[in-house]
Amino acid sequence: MKHWYDHAIIYQIYPKSFQDSNNDGIGDLNGIRKRIPYLKKLGINAVWLNPVFVSPQVDNGYDVSNYFAIDSHMGTMQDMENLIHDLHQAGIHVIMDFVLNHTSDQHPWFQDAIKDPNSIYRDYYIFAGHDNQRPNNWGSFFGGSVWQADPANTGQFYFHLFDKRMPDLNWKNPEVRHAMLEVAEYWLKKGIDGLRLDAFIHIAKADLRQSYPTKNNSSKPVVAEPFFANLPQVQEWLRPFCERIKQDYPECLLLGEAASANVNLAVDYTTKRNHLMDSVITFRYFTEKDDDVNKDFPANYQPKQLDMTAFKQNQTVWQQTLAGISRPVLYWGNHDMARLRTRVAKNNVEAESLAMLMYLQRGIPIIYYGEELGLQNLKFDKVEQFNDKTVKDFVQAAQDAGLSYEDAVEMASQTHKLPARGPMPWNNEQYHGFSSVTPWLDGEKRDQACVVEEENNLESVLNFYKKMIALKKEPLFQDGNYYMLATDEKSYIYQRKLGDEEAIVAVSLSSEKEQVTIPTVFNNELLKAGQYNLNNGNLTLMPYAGVVLKKQSKE
Ligand code: NOJ
């Protein structure tokens, strides 16, 4: 059976940063609505909105305190209904973020759980330990222990994998599973077309009595993923949830965020046999080199180069393993990582070539807002702007190792997720047409990129993305088979084939002129980035250039 999402081309919108319509410095739903014509011209056919539910915004909306209402900074329920309606009118599907692993500590369930240890909501969360002794040494993704003392002073602790103000839900409890299904169905009834299941791989936790072994048995918290990622119960508990959704809403795209899932787990999560998700987003594509890392201070926020050979190997494995099973998700960036143009691409030609290389593979593209302009991370110049203790620690350690404060902060600016969430630059006015007041995230813009200028420049990254998206819609690039061709680390070449139709995508990964030989039948240019020369199968690519060549059809 064919579904709309088989051919989805998704655009990720970080609502707080896309367009402010009421001039409070925070992007909102009516702002997105105003920009529908832009989305339509870009050619995408779905948007994924990061969370817009009521939230204290400890983690920019991933801490939900009411799943059934829109955060007042973003708008009203009526605004959301209007947005869904208007996006649909424009032929654009709507995917909402669905935060199912945890809530905000301000959620009424949690408030009740801590007010009354006998509350039925106590078992909606994970309380453990006694006499002020933590149950184990597990560490949180956001630093420190996963255990936070029960505010009710019971001597127990509650579990939080992320911020301490984001307690994890207890999915072992059937009532929690039922409650979360109700949330999902509430939004699907409103007409949305898909759910991105946030951090779903973490809903099951191992027996809490175990600590992760460390060299000197220290009690220092360890991020011990084997105890809380991808456990078998994740599938057991999500199966009835996914089955029910597919039964009631067969056209709902279930897109899972499976950061640490390897390809075999991705098969388990997406094979039709298992009745779980349609596709998953892995973070395993991007292996980084540590050649340039200064060993005198922590590596976490030091810029690193992408290991292109490992990247090619990863792509090959994901493409070939998921063939016939599900569609891989194709992306270069999201709100949790530095922007493509800052992290990997040294210039716009490279950014375009990398986009062509990624998105014309088999799978579902997710383009992070602003990437289509070649937008970079914002530049922060103070450690406080990151609002993140791990950055503070990094900057201190780098300074202790002899780096200047400015250089250390600049490293974090280039690598941290927050500067990748900057306001969308629509024009060259004071706040770039995003708002008429200082945006919620205020950093210095590193580049010239802005929509109006790029729209008027035929050679812009934006116009390249429009052409690339149009090409992606061709059946050859949607449904064709994929074959990676053998190349050295300086180029990336693959073929797509559907019936008699064939094309080759060839990209240089090198700062020098590259020469490769390709079958002479591929000589009909469909798309290019930078400059190249083709002479009887001898393809010369200028630094970081790329080209898509189709096999000449027989007359
Ligand atoms: C994954 C989201 O992408 C990230 O931004 C968030 O902090 C965590 N899940 C917690 O919800």
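Me: Why is Glu-350 called buried?

Reply: Glu-350 has a relative accessibility of 3%, and buried means under 20% relative accessible area, exposed over 50%, and partly exposed in between, using a 1.4 Å probe and protein chains only. The value falls under the cut-off, so Glu-350 counts as buried. The model is predicted: local features need pLDDT of at least 70, side-chain atom pairs count only at pLDDT 80 or more, and totals for chains, interfaces and linings use all residues. Residues are numbered from 1 along each chain as its sequence is written, and side-chain values use heavy atoms, with hydrogens and water left out.

Me: What makes Glu-350 and Lys-346 a salt bridge?

Reply: Their closest N and O atoms are 3.3 Å apart. A salt bridge is a side-chain nitrogen of Lys or Arg within 4 Å of a carboxyl oxygen of Asp or Glu, so this pair qualifies. Lys-346 has a relative accessible area of 53% and is therefore exposed. By this rule the count comes to 23 salt bridges.

Me: How do you know that Asp-86 and Arg-33 form a salt bridge, and where do they sit in the chain?

Reply: The closest N and O atoms of Asp-86 and Arg-33 are 2.8 Å apart, which is within the limit, so the pair counts. The pair links distant parts of the chain: Asp-86 belongs to helix α3 (residues 77-89) and Arg-33 to helix α1 (residues 29-34), 53 residues apart. Helices (H or I, at least four residues) and strands (E, at least two) are DSSP runs, numbered from the N terminus. With 24% relative accessibility Asp-86 counts as partly exposed, and with 29% so does Arg-33.

Me: Which labels do Asp-150 and Arg-122 get, buried or exposed?

Reply: Asp-150 is buried at 2% relative accessibility, and Arg-122 is buried at 11%. Their side chains meet in a salt bridge of 2.8 Å, N to O. Asp-150 lies in the loop between β7 (147-149) and β8 (157-159), while Arg-122 lies in the loop between α4 (108-115) and β6 (127-128), 28 residues apart.

Me: Why is strand β21 described as largely enclosed?

Reply: In β21 (residues 546-551), 5 of the 6 residues are buried, so the strand is largely enclosed by the rest of the structure.

Me: What makes β21 a partner of β16 and of β18?

Reply: Two strands pair if DSSP finds at least two bridges between them. Strand β16 (residues 501-508) is joined to β21 by 5 bridges, so the two pair, and they run antiparallel. Val-507 has Gly-546 as its bridge partner in β21. Strand β18 (residues 522-529) pairs with β21 over 6 bridges, also in the antiparallel sense, and Phe-522 has Lys-551 as its bridge partner there.
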